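Dear colleague,

Please find below the sequence and structure that I am handing over to you.

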Amino acid sequence: MLETRNLTIKFGGHVAVDHVSCSFKPGTLTAIVGPNGAGKTTYFNLISGQLRATEGQVLLDGRDLSRLPAPLRTRAGLGRAFQLTQLFPNLSVLENVRLAVQARAGRGLRMLSVWLHHRDLLDEAMAIVERVHLGDKAAAPAASLPHGDQRKLEVAMLMALKPLVYLFDEPTAGMSVDEVPVILDLIRALKAEGQHTILLVEHKMDVVRELADRIIVLHNGQLVADGEPAAVIASPVVQQAYLGLAVEQDVQVAA
Ligand SMILES: Nc1ncnc2c1ncn2[C@@H]1O[C@H](COP(=O)(O)OP(=O)(O)OP(=O)(O)O)[C@@H](O)[C@H]1O
């Protein structure tokens with residue numbers, strides 16, 4: 001189980017994440033919502049280790065990861081989607097995924113020497129590439145992919161690490177309407193596997209409503225609501241504080 005205890009970060013005088021205590025069970029998908037600047041991405045960064053907390057802890061299955069740098073948290077099971085800057089832009093889609101598989105398998109990152117000797121890694125990488133619908137682009141350099149395909153590659157590399165916890169920060173942002181279902185199907189399939197802890201920052205409330213078992217709401221860095229999606233969306237604190245009219249109308253349409 002992933003747990004944050006009093007997790008806090010201050011930037012100068014500004015408290016971006018303010019004593020957030022929350023636990024997330026395996027087999028559940030929790031959506032984190034809130035207005036722009038609420039602290040959602042910062043909360044993810046504190047969990048994954050991109051940022052170090054001013055105060056508080058991040059625990060995974062009781063182990064305190066708070067002092068570990070991001071790569072060691074990844075190794076411990078916290079999976080954060082890669083950004084393009086973390087990919088090898090000139091290597092192919094398949095090679096990028098194969099390197100992530102290889103890193104997880106603890107076989108280091110030597111590219112050419114290992115490549116031919118570990119057919120199993122390559123087969124596993126190709127299966128993941130197919131799963132994210134990039135099979136026909138397996139040989140294309142990562143940098144040449146259009147934006148939507150790059151997001152799929154990010155998810156592929158995350159899957160290659162087989163993390164215990166998946167952190168998805170707006171996984172469909174910037175995708176065209178026809179590409180969104182592929183990513184949502186992947187997240188749905190990961191959820192159906194039943195053993196992963198999935199956290200999803202997502203602005204699209206229809207997506208949240210469909211995928212999430214639970215919603216937590218951040219506002220000014222504080223956890224202000226936590227519960228079953230319909231109840232949280234309908235709660236006055238959410239309606240008034242920041243989701244505002246857009247959600248109110250959405251709820252009415254749905255009702
Ligand atoms: N490195 C930083 N230095 C200073 N302030 C920061 C830093 N990172 C985030 N902040 C501030 O912390 C607050 C929370 O930002 P954050 O990006 O986590 O919000 P968010 O909920 O993810 O917003 P959005 O929905 O727009 O992505 C904002 O006021 C932001 O300006």
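This is a predicted model: local features need pLDDT of at least 70, side-chain atom pairs count only at pLDDT 80 or more; totals for chains, interfaces and linings use all residues.

The protein contains 10 helices and 10 strands. Of its 255 residues, 39% are buried. Among the contacts with a separation of 6 or more, 63% are between residues 24 or more positions apart.

The protein is divided into two parts: domain 1 comprises 1–77 + 163–255, and domain 2 comprises 82–161. Where they meet, 11 residues of domain 1 are in contact with nine residues of domain 2. On the domain 1 side, helix α7 (residues 180–193) gives the most, with three residues. That side of domain 1 consists of seven nonpolar residues, three polar and one charged.

The largest nonpolar core holds 66 residues, and Val97, Ala156 and Leu200 have the most contacts inside it. Helix α6 (residues 147–160) gives the most to this core, namely seven residues. The core also draws on both domains, with at least three residues from each of domain 1 and domain 2. In soluble globular proteins, nonpolar side chains tend to be buried together. Which residues does Val97 touch, leaving aside those up to four places away in sequence? They are Ala125, Ile128, Val129, Ala156, Met157 and Ala160.

Turning to the strands, an open sheet of four has the order β2-β1-β4-β5, and its pairing is antiparallel. Why is one side of β2 and of β5 left without a neighbour in the sheet? Both β2 (14–24) and β5 (63–64) stand at the edges and each has a single partner strand, so one side of each lacks a neighbour there. Strand β1 (residues 2–11) pairs with β2 in the antiparallel sense over seven bridges. Within this pairing, Leu2 stands opposite Phe24 in β2.

With kind regards

Methods. Residues are numbered from 1 along each chain as its sequence is written. A nonpolar core is a set of buried Ala, Val, Leu, Ile, Met, Phe, Trp, Tyr and Cys residues joined through C-beta atoms within 7 Å. A residue is buried if 20 or more other C-beta atoms lie within 10 Å of its own, exposed if 12 or fewer, and partly exposed in between; C-beta atoms are placed from the backbone. Helices (H or I, at least four residues) and strands (E, at least two) are DSSP runs, numbered from the N terminus. Domain bounds come from an automatic or database domain assignment. Two residues are in contact if their C-beta atoms, placed from the backbone, lie within 7 Å. Two strands pair if DSSP finds at least two bridges between them. Ala, Val, Leu, Ile, Met, Phe, Trp, Tyr, Cys and Pro count as nonpolar, Asp, Glu, Lys and Arg as charged, and the others, Gly among them, as polar.
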